[in-house]
Amino acid sequence: MRAVTTITCLPKHTRQLVVILVMPLLFSVSMLNLTTTSRAEGEVEELTLPLELVHFDALFGPDGDTIELIGQIQAYDPEGLTVTFTGEINASVQTDASGAFNYIVFLGPDGISGTVTGEVSQGTETVSKTISI
């Protein structure tokens with residue numbers, strides 16, 4: 001209420017400017033109050049981010065004798081998740097702190113052709129993507 005008292009003491013053109021600048025701020029604060037939920041004392045709200053395999057691809061080396069499986073996991077805590085590969089390549093690899101992973105395979109003289117599925121789980125969630133190589 002003190003701000004309203006101060007505004008009324010200002011010249012008319014200044015009062016209009018203050019209202020234009022202050023009203024969106026007051027509206028924003030009231031909107032924040034609308035989206036706030038009450039919690040019981042001592043209850044902790046768990047932050048969650050849906051598990052997602054946002055990128056999964058295969059890159060052949062310059063001589064064609066290697067293939068690198070690369071990708072990116074999105075999760076609340078993406079470090080140390082196990083990505084399991086099945087299909088033409090059967091292996092697993094751990095994600096780094098940012099959720100990135102890579103795995104290099106040395107190919108034999110016959111090369112490789114087919115599909116590879118990358119799968120990762122966290123808690124009760126499991127996601128996968130399949131690529132052609």
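Predicted model: local features only at pLDDT ≥ 70, side-chain atom pairs only at ≥ 80, totals over all residues.
Thr84 stands opposite Ser92, a residue of strand β4.

**Around strand β3**

- Strand β3 covers residues 82–87, and four bridges join it to β4.
- The two strands β3 and β4 run antiparallel, and a hairpin of three residues leads from β3 to β4.
- β3 also has a partner in strand β6, which spans residues 115–122.
- Five bridges link β3 with β6, again in the antiparallel sense.
- Within this pairing, Thr86 is the residue that faces Thr117 of β6.

**The four-stranded sheet**

- Where do these strands belong? They are part of an open sheet of four strands, ordered β4-β3-β6-β7, with antiparallel pairing.
- At the edges you will find β4 (91–94) and β7 (125–132), each of which pairs on one side only.
- On average, neighbouring strands in this sheet are turned by 20 degrees against each other, with direction ignored.

**The three-stranded sheet**

- Another open sheet has three strands in the order β1-β2-β5, and its pairing is antiparallel.
- Why does one side of β1 (52–60) and of β5 (100–106) lack a neighbour in the sheet? Both strands stand at the edges and have a single partner strand each, so one side of each is left without a neighbour.
- The twist from one strand to the next averages 15 degrees here.
- Strand β2, made of residues 66–74, is joined to β5 by seven bridges, and the two run antiparallel.
- Along this pairing, Ile67 stands opposite Val105 of β5.

**The whole protein**

- How much of the protein is buried? Buried residues make up 23% of its 133 residues.
- The protein exposes about 9,500 Å², and carbon and sulfur atoms supply 57% of that area.
- Take the contacts between residues at least 6 apart in sequence: 50% of them join residues at least 24 apart.

Methods
Residues numbered from 1 in each chain as written. Heavy atoms only, no water. Pairing = 2+ DSSP bridges. Axes fitted to C-alpha atoms, helices over the stretch in contact; angles between N-to-C directions. Buried < 20%, exposed > 50% of the residue type's maximum accessible area, 1.4 Å probe, protein only. Contact = heavy atoms within 4.5 Å. Areas by Shrake-Rupley, 256 points an atom, 1.4 Å probe, with all protein chains shown as cover.
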